[in-house]
Amino acid sequence: MPNFVMSYLGSTLTPGQAGNQFWALIYVLIIFAGVSVAVVAMNWIERKALAHFQIRLGPMRVGPHGLLQPIADALKLMLKEDIIPAEADQFVFWVAPLIGLLAAFTVYTVIPFGPSQAVSDMNIGILFMLGVSSLGALGIVVAGWASNSHYPLIGALRSTAQMVSYEVAMGLAVVSAVLMTSLNPSGTGTLSMIGIVQAQQQQGIWFIFKFFPLGLLAFIIFAIAMIAETNRAPFDMAEAESELTAGYHTEYSGLRWSLFMLAEYAAMIAVSSIAVTLWLGGWMRPFPNLLQAPVWEFTFSLFPGLTFLGLAAIAGVGTARMPDHSFFRIQRIGLGAFALVLGSIALLLLLIAVVGRSANTSIAARLSEGIDYVYWFVLKVGIFMYLFIWYRATWPRYRFDQLMRVGWKVLLPISLGVLVATAIVGIIIS
Amino acid sequence: MNPGVNSALNATINPGMAPVATPFFFYLLAGLAIAGGAFVITRRNSVHSALALIVTLLSVAGLYLMLYAPFVAATQIIVYAGGIMVLFLFVIMLVNIERASKERRFNRIWPAGVAAAGALMALFVFAFVKGKALFPDRLMTLPESSNTQEIATMLYGERGSMGQYTFAFEIASLLLLVAILGAVIMTKKKM
C-alpha cells in the first residue's frame, strides 16, 4: 500500500489537528457518503418498523422485503417535476433547502467517531454543534415564508417557535454535562467533543450515571428536547398532516423536497451523536475499565465482524426461504449476492481484528481500534435512531400549546434545577 | 506514491502549522460582510435584507475565527445568526411586504446616518494610520488550542484565587437571570 495511506491509517491525530487538508477532505467525503447511506437505510427501516408496529407488512414489492424501495423512491424524486409556485419568492424558495442541508451537514466536522476519527477537534466543539444546528431553523422559517402560502407559513412559525424554545432547555442540559467534565484531576473542563469523551474515560463513568440521578435527568431532558428540535413525532407540529397538510414543505416537490428530508434525517443523526458523546461515552465500548484484560479487548474487537456475520446470516436465511418459483429467481440471486457481500465484509473485519490484536503490527492494531471506535459510536447512535421510530409509532401528537407548555414550564425549570444541583454537588465533591 | 502529501503530513504533525489567517480569507470574509451590509440597506423586501444580514453576521464570525477567538465566533453564531435573526425573521414574516415595499425607502434623517458612518470611517482610517503609536507594540500570543480556558482564567483567575473580573461577571449574569425570571413570570396569568 502506498506510504502516505499507511501513515494516515497509523496516525493518532485528527486531520484537523494535523492540519492536512487533503486528508480532511477524504474524511469529509467518507462522512458525507456514510451519512447519506445511513439516511437511505433509515428511510427503509422507518417504513418497515412503523409498518410492523401497526401490524402491516410495509414495503414488500421492490426487492426482497422492499430492500430496494429507498432507491426506487430516490429515483422517483429525482425524476419528478420540480415545481416553484408562481407567487413564491423564487430566490429564497431556491436557497431555503440548502440552508437546512448545509446546517445539518456542517456539524459533522466535529462529531468524534473515535479519538482520531473526526474531521477536526475544535476547542469549542459542542458550542459549534449547537450553534450551527440552530441555523437549521432559518432554513425552515425561510422555506415557509417563500412558499407564499398559508399552511407553510403557519408550519414554519410553529416549528421555529418550537425549535427556539426547546433549544434553551437543551442548552442548559448540555451545560450540566460540560460542568461534569471539569471534575478530572487536572480540574479544567472542556467544550471539545473529543475532550468530553476523554473526560468520561478518565473519570471511569458515563455521564448518564454520574451524580445519579442528575446525569440521568439532564440526559432525559436532552432526549426530549432533541425530538422537538428535529421536529419529529410526537412533537412534529410543523408537519401535522391533519392540520397543515405538510407544514413548511407543502409547496416543495421532487428533489428539493428530498433535500428537506435529507436535512431532517441528517440532523437527527447529528443530535443523537451529541447525546451519545455527552452522556453515553461516545466511542467507548461497554465497561472499558472493569473488563480491561486482553481477553476482553479481543472479545469486544470481534463484535463488528460478528454483527456483519449476523446480518449476512439473516440475508442467507432469507435467500434459502425464498419461494421456489421462477418469479423469485432474480430476487433470490440479488439477496444471495447481498448476503455474500455482507459475509465478506464480516470476514474482513474479523481478519483485521485477529491480526490487529495478535500480531501487533502497529497499522493493523490502529485499524482494528479505529473500527471498534466507529462501531460502538454508530451502534449507540443507531439505538437512538430506532427510538425515534419507536416514539413516532407510540405517542399521539402534542397540541401546540401543550408543547410550548412542556418546553417552557416543565423542561426549562427542571433543567435549571439540574444545572444548579450539578454545580453544587461538583463543588462539594472536588 | 505521493511523497509530497506524506511529508506534508509529517511536517504538520510538528507544530509548524500553516496559519489559516491568510490575506485571502480576510479579504473574502470582509468582502462578504460589506456586500451583505450593502444588501441589507438596499433591498426593498425586508426578508431579503434579513438574509443578507445573516450573511454579514456569519462572515464577522469567520473574522473572529481568524483572530483566534473561536469562543467569540461560536457565540456570535449562536446568539446573533441563530437566535436573534430567527426572531427577526419571525417578526418580519408577519409584516405585509407589499405595503412595506411601497413606503419611502429612506427617511428624512439619512444625512445624520451618513455623517455617523463617515465619522466611524474616519476613526478607522485614523487608527489604521496612527495605529503603531496608539497601541502597545507587542507580539500577539496565539491561544489557539485553549481559547475557552483562557477566557475562564481571565474571568475567574487561576485555580484557588479570585479573578479580577469575577465580581463584575457574576453581577452581569445575575442581572440576566433576573431578566429571564421576569420574562417567565410575566407569562403567568396570576401569581
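A residue is called buried if 20 or more other C-beta atoms lie within 10 Å of its own, exposed if 12 or fewer do, and partly exposed in between, with C-beta atoms placed from the backbone. Helices (H or I, at least four residues) and strands (E, at least two) are DSSP runs, numbered from the N terminus. The model is predicted: local features need pLDDT of at least 70 and side-chain atom pairs count only at pLDDT 80 or more, while totals for chains, interfaces and linings use all residues. Residues are numbered from 1 along each chain as its sequence is written, and chains are lettered from A and ligands numbered from 1 in the order in which they are written.

Chain A contains 17 helices and 0 strands. Its radius of gyration, taken over C-alpha atoms, is 23 Å, close to the 22 Å that the globule rule (2.2 Å times the number of residues to the power 0.38) gives for 430 residues, so chain A is as compact as a globular protein of that length. Along the principal axes, the C-alpha atoms of chain A fill a box of roughly 70 × 65 × 45 Å. Of the 430 residues in chain A, 45% are buried. Two residues are taken to be in contact if their C-beta atoms, placed from the backbone, lie within 7 Å. Among the contacts of chain A between residues at least 6 apart in sequence, 76% join residues at least 24 apart.

Chain B comes to 8 helices and 0 strands, and from the N terminus its elements run α-α-α-α-α-α-α-α. Buried residues account for 15% of the 191 residues of chain B. For contacts in chain B between residues at least 6 apart in sequence, the share that joins residues at least 24 apart is 48%.

The domain assignment of chain A, where bounds come from an automatic or database assignment, gives domain 1 (15-79), domain 2 (86-284 + 399-430) and domain 3 (286-394). Between domain 1 and domain 3 of chain A, the contact takes 9 residues from domain 1 and 8 residues from domain 3. The C-alpha centres of these two domains lie 17 Å apart.

A nonpolar core is a set of buried Ala, Val, Leu, Ile, Met, Phe, Trp, Tyr and Cys residues joined through C-beta atoms within 7 Å. The largest such core has 139 residues, and those with the most contacts inside it are A:Val141, A:Ala173, A:Phe222, A:Ala225, A:Ala266 and A:Ala270. When residues up to four places away in sequence are not counted, A:Ala173 touches A:Ala218, A:Ile221, A:Phe222, A:Ala225 and A:Ser415.

Helix H8 of chain A covers residues 150-180. In H8(A), 24 of the 31 residues are buried, so the helix is largely enclosed by the rest of the structure.

The loop between H8 and H9 of chain A holds A:Leu191, which is buried, with 23 other C-beta atoms within 10 Å. Not counting residues up to four places away in sequence, A:Leu191 touches A:Asn123, A:Ile124, A:Gly125, A:Ile126, A:Leu127, A:Val178 and B:Thr148. A:Leu191 and A:Phe128 are 63 residues apart in sequence, and their C-alpha atoms are 9.4 Å apart in space.

In helix H9 (residues 193-203) of chain A, the buried residues are A:Met193, A:Ile194, A:Gly195, A:Ile196, A:Val197, A:Ala199 and A:Gln200. These buried residues pack against helix H6 (125-134) and helix H12 (254-279) of chain A. Just after H9(A), A:Gly204 takes a positive phi of about 70°.

Further backbone features occur in loops. A:Phe211, in the loop between H9 and H10 of chain A, has a positive phi of about 50° although it is not a glycine. With 22 C-beta neighbours inside 10 Å, A:Phe211 counts as buried. The loop between H9 and helix H10 (214-229) also holds A:Pro213, and the peptide bond from A:Phe212 to A:Pro213 is cis, with omega near 5°. A:Ile55 lies in the loop between H3 and helix H4 (69-79) of chain A; its phi is near 55°, a positive value in a residue other than glycine. A:Ile55 is exposed, with 6 other C-beta atoms within 10 Å.

Key: Expected span 1.5 Å × (residues − 1).
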